[in-house]
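Please open the model in a viewer and display the ligand together with the protein.

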Amino acid sequence: MFGGFLGAGILKKAADKGLVDIRVHDLREQAEGKHRQVDDRPFGGGEGMVLMPGPVCKAVEAVRETAETPVVLLSPLGRMFTVDMAQAWAGCRQVILICGRYEGVDERVGLHLATVEVSIGDYVLTGGEPADMVVIDAVARFVPGVVGKAGSVAHDSFAEGLLDCPHYTRPRVFRGHGVPEVLLSGDHARIERWRRRQALAKTLALRPDLLIGDRPLSAEDRVLLDEIRKERKES
Ligand code: ADE
């Protein structure tokens, strides 16, 4: 599953440049017995198979470089994955992601091995691989040099606690829908202000919860927000 994901696009380029080094480890390499079993039936009975703690622990211990390495268990029971986690892990020398599978992972993995349990959303995937890919991608974008211009990460949605502003490209008119005049004006100060205002307006309309987070707004942002709120009341 990871071959296509890691073998193309921005992540492949980043790996080729030595900016990231993403390794996939097969739990079976750490499993014992003729069948290299990594899962077993649940104690107490019930459906499905549970990943055994032994192979998971051994796999982590085989690659963990220091006690500081975050060991992340991907699971729908975890804390919601956020941009702050992505940014923090991008600064780590190593991050280990444990990919859940089948009906579940033995509880002792979450209790005694993982340093944090993380979910990518309120839904259940058949396997943890897509969740791992989401985390890998979001973390890699914060590694300096992975995304072309540093500016494009800085202005992304959530990076500053706001949604991103709208973007337009050619043609100037598409099926009767034009482009905001300011973007064609060449006036960079006006364009910057418009973009900031749009980001604030979009956030207020779509994700007001982000504005009551713990990131204080600048005085300029507060002025823009007041303007937006007034406009909304008037319309
Ligand atoms: N594995 C299955 N569902 C998941 C989710 N929502 N987040 C992280 N890992 C998962």
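Select the ligand and Leu-125: a polar backbone atom of Leu-125 is 3.0 Å from a nitrogen atom of the ligand, a polar contact being a pair of N or O atoms within 3.5 Å. Taken alone, the ligand exposes 260 Å², of which the protein buries 96%; accessible areas come from the Shrake-Rupley method with a 1.4 Å probe. This is a predicted model, in which local features need pLDDT of at least 70 and side-chain atom pairs count only at pLDDT 80 or more, while totals for chains, interfaces and linings use all residues. Residues are numbered from 1 along each chain as its sequence is written, and side-chain values use heavy atoms, with hydrogens and water left out.

Next, select Tyr-123, where a backbone N or O atom lies 2.8 Å from a nitrogen atom of the ligand. For Gly-121, the corresponding distance from a backbone N or O atom to a ligand nitrogen atom is 3.1 Å.

Now display the residues around the ligand, among them Leu-74, Ser-75, Pro-76 and Ala-131; a residue is near if one of its heavy atoms lies within 4 Å. β3 (71-80) and β6 (116-119) each give two or more residues to this shell, and β3 gives the most, with three. Strands are DSSP runs (E, at least two residues) and helices likewise (H or I, at least four), numbered from the N terminus.

Finally, move to helix α8 (residues 188-206). Which residues of α8 are buried? They are Ile-191, Trp-194, Arg-197, Ala-199, Leu-200, Thr-203 and Leu-204, buried meaning under 20% relative accessible area (1.4 Å probe, protein chains only). Their cover includes α9 (208-211) and α10 (219-234), with contact meaning heavy atoms within 4.5 Å.

Key: A polar contact is a pair of N or O atoms within 3.5 Å; within protein, one must be able to donate a hydrogen and the other to accept it, and residues adjacent in sequence count only if both atoms are side-chain atoms. Buried means under 20% relative accessible area, exposed over 50%, partly exposed in between (1.4 Å probe, protein chains only).
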